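Biologist: Hi, could you walk me through this one? I'd like the overall picture and then a closer look at one spot.

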Amino acid sequence: WEGVGLCSYLLIGFYYSNRNNGNAALKAFIVTRIGDVFLAIGLFILFVQLGTLNVQELLVLAPQKFQAGDTWMVLATLMLLGGAVGKSAQLPLQTWLADAMAGPTPVSALIHAATMVTAGVYLIARTHGLFTLAPDILHLVGVVGGITLVMAGFAALVQTDIKRILAYSTMSQIGYMFLALGVGGWHAAIFHLMTHAFFKALLFLASGAVINACHHEQNIFKMGGLWKKLPLAYASFVVGGAALAALPILTVGFYSKDEILWEAFASGNSNLLYAGLFGAFMTSLYTFRLIFITFHGEAKTEAHAGHGISHWLPLGVLIVLSTFVGAWIHPPLAGVLPQGAGHAGGEAKHSLEIASGAIAIAGILLAAVLFLGKRRLATAIANSSIGRILSAWWFAAWGFDWIYDKLFVKPYLLICHLLRKDPVDRGIGLIPRMARGGHVAMSKTETGQLRWYTASIAVGAVLVLGAVVVAAV
């Protein structure tokens with residue numbers, strides 16, 4: 001847990017000569033450490049109450065000792081959730097992931113799409129027995145995921161950096177996994193964890209190929225018309241984007257995302273189901289906005305295609321795994337986790353699949369209308385008064401960085417400014433200064449004059465006698 005956090009910090013700041021990269025690495029480290037503190041507190045509670053941190057023993061002992069809704073279980077699972085949202089970039093500790101794109105693109109593909117950020121999902125799934133004893137916290141897991149996937153979708157819709165768009169889509173897809181966990185769809189969450197690793201790693205590696213081909217340009221509005229010059233990267237984006245948008249039948253994302261939506265439906269969580277369906281529409285819209293702007297339209301930059309086995313082999317393997325072929329792989333933890341409410345299937349499942357597929361296709365069609373060709377309608381919407389306000393708000397990721405800066409960073413810097421000269425140390429330093437001052441003052445009485453000494457003795461004697469008289473009275 002700590003190891004991937006450290007590796008993430010070191011790799012985000014890999015290009016250390018750029019100050020912004022160092023700041024992004026520090027931000028990721030600090031925000032994820034906040035979550036890790038919560039996780040540590042949760043471990044303390046579990047160890048004190050149950051005497052072990054072995055997962056299997058915890059799952060056996062917890063139901064024996066605690067009833068559902070017990071205060072200790074609520075606190076322990078809440079702390080575990082705090083660790084999970086920090087590591088998996090979910091609300092409210094999601095702010096670090098977008099800036100983490102400062103690292104090399106293969107790092108983004110591995111750590112920030114497939115391994116590290118899904119650790120929180122695995123943590124909650126693996127400790128499922130504890131969360132079932134705290135149903136309110138389990139529902140909170142789903143709510144956090146539902147809100148995050150919608151908010152991240154809006155943020156991705158207005159980004160201009162090719163990797164930041166994919167970063168927000170990662171937040172959104174992990175939100176789907178949290179949503180599945182919240183409705184008890186443990187298998188669906190882990191299945192989507194696996195399939196997401198395929199198509200998101202593909203998209204990140206393909207984005208790296210595009211960035212290198214365009215001389216390290218990452219602004220999608222400075223690209224355009226690349227589909228002829230970069231056919232492999234274009235194919236990677238089309239297949240990976242279709243899987244991300246859960247295009248029906250052909251893509252691996254369709255099978256895992258529909259499992260999540262079906263679990264939400266079968267468990268009766270209609271609000272989370274609607275959030276998932278709306279998120280599916282937003283995913284199609286921002287994904288194909290990225291593809292249409294980057295690869296279609298007028299060419300605005302020179303590009304050179306990559307070559308060699310190290311270029312085409314990873315992309316080729318991931319393209320295959322991002323199609324329906326990837327869904328044939330035996331899901332991890334199959335048989336380990338309990339079945340969800342939707343394991344029996346039902347007549348409504350096919351209707352839901354058709355509805356979600358139609359929503360995905362509708363998002364792609366709307367993206368084609370808005371972002372293919374001259375993009376007049378999209379430009380008009382963006383330049384309207386409400387469009388400018390919403391674009392700025394979503395571009396800033398709903399202002400969370402600004403809020404945290406005002407609530408935490410600025411007060412911390414103010415305290416640092418007030419403590420810059422260490423008032424405690426200065427206070428303790430008053431003792432020797434007072435001693436030295438008293439020594440200097442008393443030294444001045446040593447004049448060497450007999451009359452002065454006689455007078456001081458007399459004055460002292462009068463003061464002593466006066467004090468005795470006052471005390472006697």
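Predicted model: local features only at pLDDT ≥ 70, side-chain atom pairs only at ≥ 80, totals over all residues.

Biologist: How many helices and strands are in the chain?
Modeller: The chain has 21 helices and zero strands, taken as DSSP runs (helices H or I, at least four residues; strands E, at least two) numbered from the N terminus.

Biologist: And is the chain spread out or compact?
Modeller: Its radius of gyration is 31 Å, well over the 23 Å that the globule rule gives for 473 residues, so the chain is more spread out than a compact globule. That radius is taken over C-alpha atoms, and the rule is 2.2 Å times the number of residues to the power 0.38. The C-alpha trace spans about 110 × 65 × 45 Å along its principal axes.

Biologist: What share of the residues is buried?
Modeller: Buried residues make up 47% of the 473, where buried means under 20% relative accessible area with a 1.4 Å probe, protein chains only.

Biologist: Switching topic, where does Ser236 lie?
Modeller: Ser236 is in helix α12, residues 231–244.

Biologist: Buried or exposed there?
Modeller: Ser236 is buried, at a relative accessible area of 0%.

Biologist: Which residues does Ser236 touch?
Modeller: Leaving aside residues up to four places away in sequence, Ser236 touches Leu202, Leu203, Ala206, Gly241, Leu315 and Ile319, with contact meaning heavy atoms within 4.5 Å.

Notes:
Residues numbered from 1 in each chain as written. Heavy atoms only, no water. Buried < 20%, exposed > 50% of the residue type's maximum accessible area, 1.4 Å probe, protein only.
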